[in-house]
Amino acid sequence: MIKNLKNSVILTVILIALFGVIYPLIIYTIGFAFPSGSVGSPIVKQENIIGFENIGQSFTDDKYFWGRPSAVGYNAASTGGSNKGPSNPDYLAEVQARIDTFLVHNPGVKKEQIPSDLVTAPGSGIDPNISPESAYIQVKRVAASRNLSESAVKELVSTSVENTVLGMPVINVLKLNLKLDELK
Amino acid sequence: MDILYSALIILVTIVLAIPLGRYISKVFKGEKTFLDFLAPLEKFIFRVSGIDPNAEMDWKQNLRALLTINLVWFIWIMFVLLTQTWHPFWNPDNVLSMEPTQAFNTAVSFVTNTNLQHYSGETGASYLTQLLALVFLQFVSAGTGIAALALLFRGLANKSSKNLGNFYYHLVRACTRILMPLAIVLSIILLMNQTPMTFKGAETIVTLQGDTVNVARGPVAAMVAIKQLGTNGGGFFGPNSTHPFENPNGITNAAETSAIILIPIAMVFALGYFLNRKKLAWMIMAVMTAGYLMLLIPTIVQETGGNPMITQMGITQPQGSMEGKEARFGPVLSALWSISTTVTSNGSVNSMHDSFTALSGAFQMMGMQLNAFYGGVGVGFINMFIFMIIAVFISGLMVGRTPEFLGKKIEIREVKIAVLVALLHPLLILGGTALASHTWMIAENPGETLKWLNNPGFHGFSEMLYEFTSSAANNGSGFEGLGDNTPFWNISTGLVMLLSRYIPIIGPIMIAGFLSSKKFIPESSGTLKLDSPMFGIMLFAVIMIVGALLFIPALVLGPVSEYLTIVR
């Protein structure tokens, strides 16, 4: 028994070194081959990091494309979903409020045209993407508040659609809004 | 399109699992493989720790070794979790020590390959904890399951011998030869697709709209790879693989989904190669796959149909039910992951199970309640083994013959153990849920005092049922709305995890030990053919009767009732 225990302790120490230290360091070293991705793909503007490609940001201004609602207010230090069940009355009231807000800010849009990803919160709370439909439906509002032509904004959206392999077609909201700011 | 992707992911995984199974069989037997250059490393490990990896041990010695080293790991992780405040390095965000019951729960959770996570990764665990305790345990707890299976295989293959092989030998080689190479390959795929692997702390940024936000990150890729492969499921961040750093795009999602079921499926083929009974392996594979699809297909249908309550508000939902789901994955790929992760006791998620439509929640729970459709690495097949023993016994009774399993007589002792192990699972799940529901019901104003439930009514009951189901299946996913970081939940689910990890390993290894030393009876015309479709149907029926029927009343109280109130 004592021998068993002693063997187990030593074996444990070696395995901690192997899988808790050496293995992560191997992966860390391989990560140097991907210098941007391995630190989270930061987007740098005038030497400041203004965001990460895959971390969604909160957009509430009419002149920006909005991302999806977030259960954590896009807090990227404490992420998560709403975990509300499909029949929860509080949750359904929240969805209704999102629908109403969207309709107020986007006059002319009919309720049944609103894509469901625009009124539901993702599991991460920092979903960087929306569906292409969700971007197209906002074109009119964004164009109007920036005094741009709808066709120019629409053109920008259509060139921003990412048809990822093995995933759904999406638009990265942060990248789209960055391009929008450059459009002028 | 996403249906096509799902089919492709499953097919490619099965195709990869066949050669992997063959390779695993070779590793178990100690035959030559292309990774023999690792032999000096393993030799070094054994020499320093004073272990003779070739010493033959019987079932008792092996179990003693398994339990002892698991205890050592438990003490180690408790120590790490309770001292986070003083971690000397790899703690850039100054994470504090865990509260004792939370540390107990987390320690049990990772030692038992469950990864229930009553903490949130970005705020509750330092980088040192994540790597030296959690990642380490994600390897060795998976290795423990694989090693247990290797002992079981040997017991089934023996003609008449007490020796089951050497637990240490299999433990180390399961980690170095099976888990680590695959984890490195998967890590590289993740790194190529922008999964971070950094020791830098959180970054404070000012967003385009002028908000100041802290963005947590860390050594993510290494952990995600092993948590997917070892049916661990404990992610780096709170919301697991929904987080775009853990699972940035369709490619990583496909690779991670495939990694969930890869080794569990490969284990079935490994049995075929190990015992040289490939037809039997395909029969088991067919039963498991039938069960998997039986849960997967209706879940996909439910999720693509959207939430009926939102449809009533006038939203059309051609995208399906999107609450808790990421735009880049959509309902089908989320459903695929959710069933894959629940049938295998993995427990990672790429969408929030709490927010799935009502019936999907029932399918996810059934995956864990049956716990044998592929199942966890090593232990999944061990669960199936229990069902096979029971099926053989019942078949034997039906034809009035002493039941035989692979040339060994199945007698009272073996059947007793098998039935006890099989019944432990419902006992812990239903007993635990009853205890929690009772505590809730007798509390005065529980919504204010206990505050567990994030959802009222039937769904609230489902949250509690899910938590115990997940603990007992060593799964680790959750209806995460449940406020589970309380002493009640930390201790109760901690105990459930312990019992439902070790008893279903001890029981089957005992059976294997008994069978192993029995005399071998050659097959005759009267022997039940285990690899026949007839026995396959029998096995499936036993799983449904023993496994599913017991849970149906509870499921009716939770998800089914919720469904009925929604569709009206």
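## A hairpin in chain A, and a look at chain B

In the hairpin of E1(A) and E2(A), two residues sit between the strands, and Gln46(A) takes a positive phi near 45°. This is a predicted model, in which local features need pLDDT of at least 70, side-chain atom pairs count only at pLDDT 80 or more, and totals for chains, interfaces and linings use all residues. Residues are numbered from 1 along each chain as its sequence is written, while chains are lettered from A and ligands numbered from 1 in the order in which they are written.

Strand E1 (residues 42-45) of chain A and strand E2 (residues 48-52) of chain A run antiparallel, joined by four bridges. Pairing here takes at least two bridges found by DSSP, and the elements themselves are DSSP runs numbered from the N terminus: helices are H or I with at least four residues, strands are E with at least two. Lys45(A) has Asn48(A) as its bridge partner in E2(A).

Zooming out on chain A, there are two domains, with bounds that come from an automatic or database domain assignment. Domain 1 covers 1-33 and domain 2 covers 46-183. Taken over C-alpha atoms, their centres are 44 Å apart.

Now for chain B, which has 20 helices and four strands. Its radius of gyration (taken over C-alpha atoms) is 23 Å, close to the 24 Å of the globule rule for 568 residues, so chain B is as compact as a globular protein of that length. That rule is 2.2 Å times the number of residues to the power 0.38. Some whole-chain values:

| Chain B property | Value |
|---|---|
| C-alpha trace along principal axes | about 75 × 60 × 50 Å |
| Buried residues | 62% of 568 residues |

Buried means 20 or more other C-beta atoms within 10 Å of a residue's own, with C-beta atoms placed from the backbone. Contact means that two such C-beta atoms lie within 7 Å.

Helix H14 (residues 379-399) of chain B has 21 residues and reaches 30 Å from its first C-alpha to its last, close to the expected 30 Å, where the expectation is 1.5 Å times one less than the number of residues. Of its 21 residues, 15 are buried, so H14(B) is largely enclosed by the rest of the structure.

Finally, the interface: 100 residues of chain B contact 87 residues of chain A. On the chain B side, helix H7 (residues 167-192) gives the largest share, eight residues. That side splits into 53 nonpolar, 33 polar and 14 charged residues; Ala, Val, Leu, Ile, Met, Phe, Trp, Tyr, Cys and Pro count as nonpolar, Asp, Glu, Lys and Arg as charged, and the others, Gly among them, as polar.

How values were computed. A residue is buried if 20 or more other C-beta atoms lie within 10 Å of its own, exposed if 12 or fewer, and partly exposed in between; C-beta atoms are placed from the backbone.
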